[in-house]
Amino acid sequence: MDIDWQEHLRWVRVQDRWMNIVDIGSDQAPDPDEPPLIFIHGLSGCWQNWLEQIPHFARDHRVIAVDLPGFGQSEMPAEEISISGYADAIDGLMTELGIDSAQIIGNSMGGFIGAELAIQHPARVERLVLVAAAGLSIESIRTERKQGIRHRAENVVFFSLGNLASRSHQVALRPRLRHALLLLVAAHPAQLPGPLAAQQVKGSGKPGFSDALEAMCRYPLRDRLEKIACPTLIIWGDKDRLVPLKDASIFEKLIPDSRKVVYKDTGHVVMMERPARFNDDVRAFLEEAPGEQEPAPQAGRAAG
């Protein structure tokens with residue numbers, strides 16, 4: 001809340017469309033050649049999903065957080081929304097910013113996009129953090145939608161979220177709707193700081209929602225995860241209502257150099273619900289020496 005965010009917001013022309021990003025910390029990075037961090041939000045998200053992370057990591061890294069095309073303040077893409085198209089957009093953004101490679105952190109759909117980026121543009125991704133990443137159980141939603149089945153919990157949650165998001169002005173103004181929206185993604189939404197929770201509804205009701213949901217449902221990922229060659233950290237909450245916990249184990253099994261961490265009593269937006277532990281775990285992972293399997297324990301790390 002002490003940061004003048006307008007000072008760090010900028011427009012970047014990517015694939016003939018304007019993309020809104022936060023770019024902060026480049027003047028504080030001890031090594032200008034060190035790969036920056038790029039944060040990618042999920043469906044119905046925006047760069048503000050990472051408000052608990054951006055200032056923390058900007059103390060010693062260049063940090064970039066994006067509004068994906070069709071979300072936040074970014075324009076809709078010129079082409080039809082697709083997961084591969086979003087990965088290409090991040091690749092194009094990096095080209096425009098003069099970034100050769102980065103450390104990618106993605107939540108939900110953002111994790112799906114990060115994984116796709118690591119598969120299609122492996123030189124771009126030094127390390128990958130998948131935070132409750134989509135891309136696996138959503139395959140069953142695709143199959144069930146073709147069969148006209150809408151009763152499974154994943155379907156109910158996704159379509160309910162879309163319905164709420166389409167009425168963003170009501171969500172923002174009415175506390176009960178705000179709580180209902182956050183209840184889908186947080187185990188205990190009432191425990192989120194009020195100003196942080198208020199910022200999250202800014203990502204809802206954007207024009208890219210329906211097309212992005214459809215893009216996730218029709219794009220297979222599972223059989224290509226073995227192509228991810230970079231070190232990968234998988235972080236999940238055990239009370240995730242959107243993407244089941246079992247997906248974390250599948251990601252860990254199929255990505256060669258990966259491991260998972262599960263937070264108790266935590267939902268889909270781990271980075272908001274457990275920010276101190278999340279930041280510590282991600283920092284330890286990013287600072288590991290090559291080939292190191294476990295980060296060194298950190299004193300005073302938050303439990304849970």
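Colleague: What should I know before reading the model?

Modeller: The model is predicted, so local features need pLDDT of at least 70, side-chain atom pairs count only at pLDDT 80 or more, and totals for chains, interfaces and linings use all residues. Residues are numbered from 1 along each chain as its sequence is written, and side-chain values use heavy atoms, with hydrogens and water left out.

Colleague: In what order do the strands of the open sheet lie?

Modeller: Strands (E, at least two residues) and helices (H or I, at least four) are DSSP runs, numbered from the N terminus. Two strands pair if DSSP finds at least two bridges between them. Here 8 strands form an open sheet in the order S1-S2-S4-S3-S5-S6-S7-S8, with mixed pairing. S1 (9-14) and S8 (258-263) are the edge strands, each pairing on one side only.

Colleague: How do S1 and S2 run, parallel or antiparallel?

Modeller: S1 and S2 run antiparallel, joined by 6 bridges. Val14 stands opposite Arg17 in S2. Their hairpin has 2 residues between the strands, and Gln15 takes a positive phi near 50 degrees.

Colleague: How many bridges join S3 to S5?

Modeller: There are 4, between residues 37-40 and residues 102-107, and these strands run parallel. Ile40 has Gly106 in S5 as its bridge partner.

Colleague: How do I find empty space?

Modeller: Rolling a probe the size of a water molecule over the atoms shows where empty space is left. A pocket is an open set of points on a 1 Å grid over the protein atoms alone, where a 1.4 Å probe fits, with protein on both sides within 12 Å along at least five of seven lines; lining residues have an atom within 4 Å of a point. The second largest pocket is lined by 15 residues, with Pro32, Asp33, Glu34, Pro36 and Arg62 nearest its centre.

Colleague: How many salt bridges are there?

Modeller: A salt bridge puts a side-chain nitrogen of Lys or Arg within 4 Å of a carboxyl oxygen of Asp or Glu. The count is 15. In one, Glu80 meets Arg218 at 3.2 Å, N to O. That pair links distant parts of the chain, 138 residues apart.
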